[in-house]
Amino acid sequence: MKTQPAAYLIGCAPRTSIGALTTLCALALLLCTLVLPPRNAAAASSTLERVRKAGLVTCGVDATPGFSSIDTVGNPVGFDVDFCRAIAAAVLGDANAIETRRVSTASKFEALVRGEIDVALGMTTVTLSRDSTLGTVFPAVIFYDGQGFMTWADSGISTKNDLQGQTICVQQGTTSAGNLAEFLARERITARIIDAPNSQEKINAFAQRRCSVVTGDRSELAVQAATLEPGKGQWPILPLVISSEPLGPVVAADDWQWFSIVRWVVNSTIAAESLGLNQSNTPILTAPSDGERARLLGQDPSFGQGLGLDPEWARRVIIQVGAYDEIFTRNLAPLGLHRDANALARDGGLLIPLPLR
């Protein structure tokens, strides 16, 4: 079959003179230029290329102790920060080649689409709308949580019925705000709501007793109660849980290579725990292995080709950052958080490593 010229395929009529055809095609191309939306400038090159050129992975984070904060010498630390470091170890060879930027939940999705950050972490729940309408996607879940309520020990509040007539602090633009509105409507509870612009302001308002109850992910509430001086022994968390909150990293939806890199970096930490690999034993395991163990140890020369990475990317993640259990224990266990749903499935949790083949 004879192939039609490209001009015909975009709408130029056949059986026209050469001059007329040229004119029509030029007009058609101009029309396409005017009608088609401009391509996101950040997507002109891949995120991996951008990261390698910058020599940094830029991560948007919250400011929640245990998950993302700054240590005494000015370094970013925390559970979410460690997953940012894991990505840097895989793609740049250096877990410390990161930059963290505090970005609110309401603006982190736009920051991703604009290419201002490479990945967003920090109390970000996977939802349908965020994964399908904002130009962003979730490669993985790194923490399973649920929304709860925290109050003052002397408030007399212990059940959902006690929320009637109370003032409740919540962070605006979050799933917590939406869940709270639906819960109050469903339970026919009337309450005054204080919308805070970020998590810190929300907790500040609660600590100043401008609200009698604060709501958010239970892990966030537990961390605040354990680390802030007013909260120690004074801020009980109610047993009431009103939602499921799977939290994970978010990336721009126009780069599936980067999506896959983030997904498999997260999975490598879970697989490492499942196979008993950690920061201590991985550097000294040099004897030939097979299957998934060999791949995590960097012994399979083809491992990583589909991601655009070298074969030792996962080995670097384990050595420089650790397996999932090490990341959890280092950052969250000191704050009194337990593995629970965030244990491996074989241990009663929800974490199942994806097959590395």
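1. Buried means under 20% relative accessible area, exposed over 50%, and partly exposed in between (1.4 Å probe, protein chains only). Pro 76 has 24% relative accessibility, so it counts as partly exposed.

2. A word on the source. This is a predicted model: local features need pLDDT of at least 70, side-chain atom pairs count only at pLDDT 80 or more, and totals for chains, interfaces and linings use all residues. Residues are numbered from 1 along each chain as its sequence is written, and side-chain values use heavy atoms, with hydrogens and water left out.

3. Pro 76 sits in strand β3 (residues 76–77). Strands (E, at least two residues) and helices (H or I, at least four) are DSSP runs, numbered from the N terminus. Leaving aside residues up to four places away in sequence, Pro 76 touches Ser 69, Ile 70, Val 81, Ile 98 and Thr 100. Contact means heavy atoms within 4.5 Å. Thr 100 is 24 residues from Pro 76 along the chain, yet their C-alpha atoms are separated by 7.1 Å.

4. Helix α4 covers residues 79–92. Its 14 residues reach 20 Å from first C-alpha to last, close to the expected 20 Å. That expected span is 1.5 Å times one less than the number of residues. Of the 14 residues of α4, 13 are buried, so the helix is largely enclosed by the rest of the structure. Just after α4, Gly 93 takes a positive phi of about 85°.

5. Three strands form an open, parallel sheet, ordered β4-β1-β5. The edge strands, β4 (98–102) and β5 (119–120), each pair on one side only. Pairing requires at least two DSSP bridges between two strands. Five bridges join β1 (residues 57–61) to β4. Val 57 has Ile 98 as its bridge partner in β4.
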